[in-house]
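Dear colleague,

Please look through it first; my notes on the findings follow below.

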Amino acid sequence: MEHALENLAPLSVTPVGYLWLIPFFPLLGAFVNATTGWWLQRKAGKSAIHAIAIGAMVLSFATACVAFVKLLGLPGEERFLQDTLWTLLSAGPVHVDLAFALDPLGMMMVLVVTGIGTLIHIFSVGYMADDPAYWRFFSYLNLFAFSMLLLVMGDNFVIMFFGWEGVGLCSYLLIAFWYTDPAKAAAGMKAFVVNRFGDFGFILGLFLLFWGLGGVWQQMPNGHLAYRPIPVGQQVRILEDHAASEGAPAHEESVIKVGPTLNFRQLRDQVVVKATGVAERLTHQKLFGFGLLALVGVLLFVGAMGKSAQLPLHVWLPDAMAGPTPVSALIHAATMVTAGVYMVARLNFIFALSPTAMGWVALIGALTALFAATIGFFQYDIKKVLAYSTVSQLGFMFIGVGVGAYWAGAYHLLTHAFFKAALFLGSGSVILACHHEQDMRKMGGLGKYMPITQKTYLWACIAIAGFPVASGFYSKDEILWKAFSQPGLAILGMPAQWLGPLIYLIGIVTATGTAFYMFRSYYMTFTGEYRGGHGHGHDHDNGHVVPKESPGSITGVLVVLASGAVLASVLGLPASWTNHPPILESFLEPSLPATVHFTEHPRWVEWAFQLIGVSAGAIGWFFARLLYRNGTSPVPAQLLQRWKRLWTVVYNKYYVDEIYQATVVRGSVVFAKILSWIDSRLVDGVVNLAGAVARLFANLDGAIDKYLVDGAVNLVAQSTIAAGRGLRRVQTGRIQTYLYGALAGALVVVLLNFLIK
């Protein structure tokens, strides 16, 4: 079954002059703290540092709100704001501007990055208060926000790629923030290197797309492929119908440039407008026997797999917990890991043309969601539980964008930003109170000491588990419902109508597991008796120092995030309840022109599937409560002993890191040693032989130059000198001698003349 694109008109652009301020303020904050922060911290205290950083984020968020109001005031089909600063590159048909653009999808992302990013900055004031590198931390946070804003606001692939690489750099800087610890430094390097693998796929996909837009590959009579470029500067003129009004034309002509482009709007226009013929040409284009769009989609998704931690490039994200907890929240909730989901949603009109690419994205997302959820069952480090939860939830997002429910994938990104930020910052509050203890076996009973942290963590667990009182239910349920209703996916070019229901089954099992391990973390942390030996506080209980509630800069942020996790439900209330499309779906519609067909079902079937979704969360919660509430049940220990081998495999993350170490890492080291041997023995040997031969010829050439060339030159010189000495004797300066010589010469001439005659 082929997916399609609506025959839409080109986007109408509304120019504005202030979008550049949104990324500029965080960049300015990062620059000021990076260059003068050490001096400000010493002279004015740490308050000056976080005032600069938080102030930059507040200004960025305020500017984003202004843009949001402007966007809402425009008709749906005209919601595209653009701010062009100057031209970066112009070569042939390629024109790249330093320009920022916001449509509804980009606007949602910007509000997430600046809004939740600001809250994480505020949380960091209390969490990082005792760190001597306070100024460096806030400089990196601002730089991270700037890079992510560059990624989502850039109006072309070049600006996006600068942001894409920027978040990779910032993740390295922040994960390895405490770089004096070798393990933390290694975790930062691991994140950086793994993402390079994904970025390579992203670049290859972009190159293929660029070439595909610029021409076609044709089979020649000799069997070889030849690339035939389309004429440079080709344009298509179309007439748009408008409701006629007094003094206004009923038709308006638009011009669409056709050909290779790096601009998102130009790419969208030439693909979604059927009159250009680009969509049809790309759909039928082959490269080495494979569909071009399938290759493009798969390679672009490889880049997303790196940034968004999908199998098999997920291994960096759990180790990212080595950084400070606010960094974990920023990476997992508001910035880096959502980049891959955003990229696929942004290019929805490309992925929708290839059922194979969509099937690949959805299947990898489903497998990743289940894989990561099972690992979360047996982790004891509270941050690692949340890390694998993030990997799993990202899998749900890719299921959404993979099956064509692009708005649902974006909605889950939004809801996840709220509840995952609340969970990570809640865990940070717990870790701070327990004197940086992260093992949940050494916690317990914290609910009576930290009531605000406990309640906000509980509501975030309710949201992620999928209960209808919070937003996670609506986004996850919509994703799984669309997956079940999707008959048009393909695997390796072959239709696979069974794939959608299979992905639904994997998703519902994963949702049950999600509720289980999240409530397991809640009960192990907040119920029962406190099992730690010391806490970050001054209260005493039975002679032991016990934890106390975190300061207002931390708990206030937790309350806002938990409230957002609940209130965001309003944006996604299903049409089966309200008889109207969800608010967010209508808002995002101009950004998602791809039309993907789903199987129609009676309304009662959808309600039944919603009930199944609620039941999945309830089952997971029930067993977590049964086994871990108050820490009194002996069953977990008994199950551990009975299934020790299975537990060991899952606890050690299926030994994926060890497999990578034994194959990729060790193979790379062996390959490097082979190349080193080739370089030192073969390449250097050839170079040294060439040097020896060159020296031999140089010595021979030197001998020829010295003894032949120089000898001949010296002989001429010496002969000239000898001749000069001989002639010098003739030049006596006496007139009589010259007369005798002239007379003798005359006699010789007369004599010769006589003899000749």
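The largest cavity has 23 lining residues, and those nearest its centre are Leu11, Phe80, Asp103, Phe264 and Arg346. Please bear in mind that the model is a predicted one. The space in the largest cavity is about 220 Å³, and the count of cavities of 30 Å³ or more is three.

Several elements contribute to the lining of the largest cavity. At least two residues each are supplied by strand S4 (94-102), helix H4 (134-153), helix H7 (264-272) and helix H12 (339-346). Of these, H7 gives the largest share of the lining, with three residues. Sorted by class, the lining of the largest cavity comprises 11 nonpolar, four polar and eight charged residues.

The second largest cavity holds about 110 Å³ of space. It is lined by 13 residues, with Lys476, Asp477, Leu480, Ile508 and Gly613 closest to the centre of the cavity. Two or more residues of the lining come from each of helix H18 (471-484), helix H19 (499-526) and helix H23 (603-628). Which helix gives the largest share of the lining of the second largest cavity? The answer is H18, which provides six residues. The classes in the lining of the second largest cavity are eight nonpolar, three polar and two charged residues.

As to the division of the chain, there is a domain 1, covering 13-156, and a domain 2, covering 656-752. The C-alpha centres of domain 1 and domain 2 are 65 Å apart.

I turn next to the packing of helices around H9. Helix H9 (residues 292-307) and helix H14 (residues 355-376) have axes that come within 8 Å of each other and cross at roughly 25°. An angle under 35 degrees counts as roughly parallel, so H9 is roughly parallel to H14. The handedness of the crossing between H9 and H14 is right-handed.

Helix H9 also meets helix H6 (residues 182-214), and here the axes come within 7 Å and cross at roughly 155°. Are H6 and H9 roughly parallel or roughly antiparallel to each other? Because an angle over 145 degrees counts as roughly antiparallel, H6 and H9 are roughly antiparallel. The crossing of H6 with H9 is left-handed. In the contact of H6 with H9 there are 12 nonpolar, seven polar and three charged residues.

Two details of the backbone also deserve a mention. As background, most peptide bonds are trans, and most residues other than glycine have a negative phi. In this model, leucine 311 and proline 312 are joined by a cis peptide bond, with omega at about 0°. Proline 312 is located in the loop between H9 and helix H10 (316-319). Alanine 309 lies in the loop between H9 and H10 as well. The phi of alanine 309 is near 55°, which is a positive value in a residue other than glycine.

The loop between H9 and H10, with alanine 309 and proline 312, could follow.

With kind regards

Key:
Residues are numbered from 1 along each chain as its sequence is written. This is a predicted model: local features need pLDDT of at least 70, side-chain atom pairs count only at pLDDT 80 or more; totals for chains, interfaces and linings use all residues. Side-chain values use heavy atoms; hydrogens and water are left out. On a 1 Å grid over the protein atoms alone, a cavity is a set of points where a 1.4 Å probe fits but cannot get out, and a pocket is an open set with protein on both sides within 12 Å along at least five of seven lines; lining residues have an atom within 4 Å of a point. Grid points are joined across faces, edges and corners, and a volume is the space filled by probe spheres set on the points. Helices (H or I, at least four residues) and strands (E, at least two) are DSSP runs, numbered from the N terminus. Ala, Val, Leu, Ile, Met, Phe, Trp, Tyr, Cys and Pro count as nonpolar, Asp, Glu, Lys and Arg as charged, and the others, Gly among them, as polar. Domain bounds come from an automatic or database domain assignment. Axes are lines fitted to C-alpha atoms, for helices over the stretch in contact, and angles run from 0 to 180 degrees between N-to-C directions. Angles under 35 degrees count as roughly parallel, over 145 as roughly antiparallel, 65 to 115 as roughly perpendicular and the rest as oblique. A crossing is left-handed if the near helix is turned anticlockwise from the far one by less than a right angle, and right-handed if clockwise.
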